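Keep the structure open while you read.

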Amino acid sequence: MSFQNRLTDKQFRRYFRMERQCFQFLCDCIIANVGEGAFKSEEYLNELKHGYIVEEKQTNILRAHEHTTGGFVSGEVKLALTLRLLAGGSYMDLALLFDVGFSTAYEIMHKVIKEWILDDRLVKINGVDYCEDDEHMAKVAGEFAKRSNYVINGCIGAIDGWIVKIRKPSSTKDLYNASDPKSYFSRKGFFGINVQAIVDSKKRILYRNINSRGAEHDSTAFKQSGFYKWLEKYWQKLVEGQYYFIGDSAYAIKSFLLTPFDNAVHGTTEDNFNFFHSSSRIVVECAFGEIDLRWGILWRPLQFRLKHNVNVIDACIRLHNFIVDWREEHFCGTEVDMGERDIFEEDHRRFMVAYPSFEAGGVHGGEEEGAVTRGRPTNLAKEITDFGRMVRQTISEAIKDKKLVRPKCNWFRAHNRVLED
């Protein structure tokens, strides 16, 4: 009997972090990408075994596997095992559940991630492609505008940094950019990888960079990316469309990246801008929170080599996008179902009880103490910065003209003060 038939819908969602129908759709998409011969679904193997499919080569391979290892592991089982490991399951329990060897469980996971989940045909995330898609940018800008009561017009994404915990890299075993393991030790007090990501208003990841070390400042990590260099080169393209990203004060203001005013005084135009800016930017933190809550493998430091750690993080992000797309198409929304959230939060509480040494907060943001600047800026860099300041000031004046202000209760709550009558 298939493992799917042994689980209720609620159990299935808890085990594999998605609904049964979403899992089947994921299988169908992978089959369309790699083919039945590579995926080997349960139905395909059954038909091959009973001679319903006439493929001499595949039939001979199937018989050889049956005589040596007991047969093939179906694509559904491989994918389910991978999802369960990403959800935080134990490889020892899963090996018994799916009848595979202990050492085979992680081998299957890494292969499924590399060959199936990280396939751009399944989920593609590319910042440059996004910025060259005028229709997509217009759609996202409209969603952000609606979210901010049409105050933040032209925003095409919110950026932030996320530190994912990893074990201390080994300079002898980790051949993936680990010449200096100490550079992965973050200011948060643990080894990690700095993930830079841009999301839309529905928490869909539009861009991600998973190549930065934990000790790097968010501003530095973003500046070293190829996408940032592309934005600097083609910044006028976004200016022509009146588009920009928004980020916290860890980043330097640019024409394509608006940041809050520093040291804004309560009640001023600058403070009112910061409120609407922050209210729009919060979606990126919500996206990180959902990814971390769904994929329990991120609740403790990743134990693999750096290259595999990067692949695991990327897989969690791509699967997140796949589920967001599924929710939007089938449920006319992208918010996490409350029943689903209760399941994930209960699992997280149980994990914290079992492992009290780990911190309760799974998501660790990047730095917020101000952008790092080194050396004298070039004339081009100064022009891009000045244009960004002009755009920010224009939006601030528009907020003032509409007589929109930060709610008093919001400011007092943010500063831990009591609002008196």
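## From surface to salt bridges

On the surface, Tyr91, Met92 and Phe102 make up a nonpolar patch, with about 290 Å² of accessible area together. Keep in mind that this is a predicted model. Tyr91 sits in helix α7 (residues 91-98). With a relative accessible area of 33%, Tyr91 is partly exposed.

In strand β1 (residues 155-165), eleven of the eleven residues are buried. β1 pairs with strand β2 (residues 192-199) in the antiparallel sense, over eight bridges, and Trp162 stands opposite Val195 in β2. β1 also pairs with strand β4 (residues 244-247), this time in the parallel sense over three bridges. There, Ile159 has Gly247 as its bridge partner.

How many salt bridges does the structure hold? There are 19 salt bridges. Here are three of them:

| Pair | Closest N and O atoms |
|---|---|
| Asp120 and Arg318 | 2.9 Å |
| Asp271 and Arg406 | 3.0 Å |

What about Asp120 and Arg318: buried or partly exposed? Asp120 counts as partly exposed at 41% relative accessibility, whereas Arg318 counts as buried at 5%.

Salt bridges can also join up: Glu143, Asp200, Lys202, Arg204, Asp325 and Glu328 are linked in a network of them.

Technical notes
Residues are numbered from 1 along each chain as its sequence is written. This is a predicted model: local features need pLDDT of at least 70, side-chain atom pairs count only at pLDDT 80 or more; totals for chains, interfaces and linings use all residues. Side-chain values use heavy atoms; hydrogens and water are left out. Patches are made of residues with over 30% relative accessible area and no salt bridge: like charges are joined within 9 Å, nonpolar side chains (Val, Leu, Ile, Met, Phe, Trp, Tyr) within 5 Å. Accessible areas come from the Shrake-Rupley method with a 1.4 Å probe; for residues, only the protein chains shown count as cover. A salt bridge is a side-chain nitrogen of Lys or Arg within 4 Å of a carboxyl oxygen of Asp or Glu. Helices (H or I, at least four residues) and strands (E, at least two) are DSSP runs, numbered from the N terminus. Buried means under 20% relative accessible area, exposed over 50%, partly exposed in between (1.4 Å probe, protein chains only). Two strands pair if DSSP finds at least two bridges between them.
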